[in-house]
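Please keep the sequence and the model in view while reading.

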Number of protein chains: 2
Amino acid sequence: MSPDDDRLARATISLVAEPGDARALGLTRELGAARFLELLREHPELRDQLAAASARLAGVETERVLESAARRGIRFVVPGDEEWPAQLADLDRAGVLHDRGGVPVGLWVRGPLRLDRLGEAVSVVGSRSSTSYGDQVAAELAAGVGARGRPVVSGAAEGIDYAAHRGALSAGAPTVAVLACGVDRVYPARNRDLLRHLGEAHAVVSEAPPGASPFRIRFLARNRLIAALGRGTLLVEAALRSGALNTGSWADRLNRVVMGVPGPLTSPVSQGVHQLIRRGSATLVTSTEEVLELVGAAGSDLAPELRAPEQPRDGLSVRARQVLDAVPVAAPAPTESIARVAGLAPADVRRLLLALAEDGLVDRAPTGWRLTARGRG
Amino acid sequence: MSPDDDRLARATISLVAEPGDARALGLTRELGAARFLELLREHPELRDQLAAASARLAGVETERVLESAARRGIRFVVPGDEEWPAQLADLDRAGVLHDRGGVPVGLWVRGPLRLDRLGEAVSVVGSRSSTSYGDQVAAELAAGVGARGRPVVSGAAEGIDYAAHRGALSAGAPTVAVLACGVDRVYPARNRDLLRHLGEAHAVVSEAPPGASPFRIRFLARNRLIAALGRGTLLVEAALRSGALNTGSWADRLNRVVMGVPGPLTSPVSQGVHQLIRRGSATLVTSTEEVLELVGAAGSDLAPELRAPEQPRDGLSVRARQVLDAVPVAAPAPTESIARVAGLAPADVRRLLLALAEDGLVDRAPTGWRLTARGRG
């Protein structure tokens, strides 16, 4: 069978099977696309298991759809194409969730960005009903990973998805929207300008064929692609029932790292993220560096340990600190008085005061010792 | 040696040794308080190791201090007293941190609350420079654990400590302030009213004797007591250098559970807490129930799993959801049209529509089927 025959068979399956239908994708993998189609045509009794596929098969005109798509700048990318994102192979091993699973038969793509450039991508997802805090953090982290050369993958919803694309674009980074509907659809309508721009300068991707509606059930299939395309999935805000949690589950099944941004516990759209962190299903992240460390190769891109600035007291012995605590801020005190307060022998205190003076923590006045500004710090 | 002699010897050590001095407490444990004091008196050459103790020993008048304290309602509680909090014994096994460690020789207490009532206590600590978010969460969680019969333990600083006491008091729960200075000192001055109230109706506790100043180094020793008194330590807000992190380290060394409240990653006073959660040194908590589950006996007080309300679609099969997705919201559609959109056989769709109608998700109009309000939900 020629590659073109395989592409045509895969496009036909894409037109007749529901996106992510685990049975159809499993049979395609086992039998090959063309043989699976034959089987469907020859055995109407398979209808019960593959209802959508067999019912639609009669009227489908695959070549016409491919041509019409091509005229509108939409290509159909299949496994074996140079552009095919190799990381999707992990979907074969990730099993099934909500009857969805498996490697897609192909991906419909609008936009110049090649999908094989997504090997280092980070997926950023979250609530449609995000807060301005969530939007700000999503944009900043997406810009941060984008500026470090990593593409961003997200959906095209309002809220966190939108903010993530905006952040990546602000850093001049490639960014990809994976849709639950056809890549020629504008959904949600409010993101019309974003979708147009991504389709012109980046990429809009879907497993569902052109024209397909954004049925809710398709989002479950779509989420697995967002999770599979990225090296890790970052959840910025997600309420307890957020679809972003489904993406997080997929990332986990795919052995991708799952990362969560903390928020105020009074914020319902942080509850889902907090729950994942609490259960150990997601790692709390607070910066671009921490995200990069987690999605990077082990041992590379280590995030700098967050440290407060060193303080003058840091290196002191306990006894030196006892003396320092006993030195007055305002009126200078003689060594004997400091020794009494510190409970240390005057000779020791004298020695320690001289060392503290060398460090600039105390200074000597005619009537005794007092703290410097540095010593008070 | 009589119990009174032991108490007197311990009070003397409390007057001459720095709070939490690991060497003095270790020798007290090994030799007994009276023998350790003898040793100090007989061997001035120990001065180098126990500087504070030996230098102060000459002038100390323990009986006078105990009498003066008693007149002001301050008692000195020692191991062996009925009131002694048994959980402090864990400090003997917890080792030394920053030269501090060990079971205190005794505790100075002002207030009617007996310390042996703190067996189920929760320690709540955090930043002095808290945000209003942190204050609110600290007060709510302290009130929550207090309402469930658990005393609260904290310091007496402004910010989170203050909010924690306020929360416990609002729930009518016992609450204890552990100070780094003498229990007769008012530090910080802004918390004068709180300290007076706790001393009259609850308890103010310190390892340092009456009159002792709130030297910085004493906070390190004090923190171990806050950590040791509670079954777990809750960090509400803590910047990267916050003393609350030191309390968390002590709780960890003492095999107490360490809990952290998440906050916006843009908030510097949440950075220290996030770092502990990220490292796995603290468990993220978002509610009283989660705190109670963690500090409770294993398997008791399990927090209810946070769940969003069930949705009408939750129990549906994938095919029923495919049908539901294909039913229009407004103008009713006939079965055949719905079957075409769903890609399913009309006979199956008819059966599924009847089942969906029974669940109240679709209803039948003269011209076909449409979604109900419940079906749109």
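In this predicted model, 40 residues of chain B are in contact with 40 residues of chain A; two residues are in contact if their C-beta atoms, placed from the backbone, lie within 7 Å. The elements that give two or more residues to this side of chain B are α4 (51-57), α6 (132-147), α9 (216-229), α11 (268-279), β11 (283-284) and α13 (318-326) of chain B. Helices (H or I, at least four residues) and strands (E, at least two) are DSSP runs, numbered from the N terminus. By class, the side of chain B that touches chain A has 20 nonpolar, 8 polar and 12 charged residues. Here Ala, Val, Leu, Ile, Met, Phe, Trp, Tyr, Cys and Pro count as nonpolar, Asp, Glu, Lys and Arg as charged, and the others, Gly among them, as polar.

Some conventions apply throughout. Residues are numbered from 1 along each chain as its sequence is written, while chains are lettered from A and ligands numbered from 1 in the order in which they are written. As the model is predicted, local features need pLDDT of at least 70 and side-chain atom pairs count only at pLDDT 80 or more, whereas totals for chains, interfaces and linings use all residues. The predictor gives the complex an ipTM of 0.78 and a pTM of 0.82. For chain A the mean pLDDT (the predictor's confidence in each residue, from 0 to 100) is 91, and 96% of the residues reach 70 or more.

How are the two copies related? Chain B is superposed on chain A by a rotation of 180° with 0.0 Å of shift along its axis, at an RMSD of 0.1 Å. The two copies are thus related as by a two-fold rotation axis. Copies are superposed by least squares on the C-alpha atoms of residues with pLDDT of at least 70 in both. Of the residues of chain B, B:G263 comes closest to the rotation axis, its C-alpha lying at 2.3 Å. The copies meet through the same surface, because 100% of the interface residues of chain B are also interface residues in chain A.

Attention now turns to the sheets. Strands of a sheet pair through backbone hydrogen bonds, either parallel or antiparallel. In chain B, 9 strands form an open sheet with mixed pairing, in the order β1-β4-β8-β7-β6-β5-β9-β10-β11; two strands pair if DSSP finds at least two bridges between them. At the edges stand β1 (74-77) and β11 of chain B, each with a single partner strand, so one side of each is left without a neighbour in the sheet. The antiparallel strands β1(B) and β4 (residues 107-110) of chain B are joined by 4 bridges, and B:R75 stands opposite B:V109 in β4(B). Helix α9(B) lies across β5 (122-125), β6 (152-154), β7 (175-179) and β9 (232-235) of chain B, running at about 155° to β7(B). For such angles, axes are lines fitted to C-alpha atoms, for helices over the stretch in contact, and angles run from 0 to 180 degrees between N-to-C directions.

Chain A likewise has an open sheet of 9 strands with mixed pairing, ordered β1-β4-β8-β7-β6-β5-β9-β10-β11. Its edge strands are β1 (74-77) and β11 (283-284) of chain A, each pairing on one side only. Within this sheet, strands β6 (residues 152-154) and β7 (residues 175-179) of chain A run parallel and are joined by 3 bridges; the partner of A:V153 in β7(A) is A:V176. Helix α7 (residues 160-170) of chain A lies across β5, β6 and β7 of chain A, at about 160° to β6(A). Helix α10 (residues 243-253) of chain A also packs on the sheet, touching β5, β9 and β10 of chain A, and its direction makes about 155° with that of β9(A).
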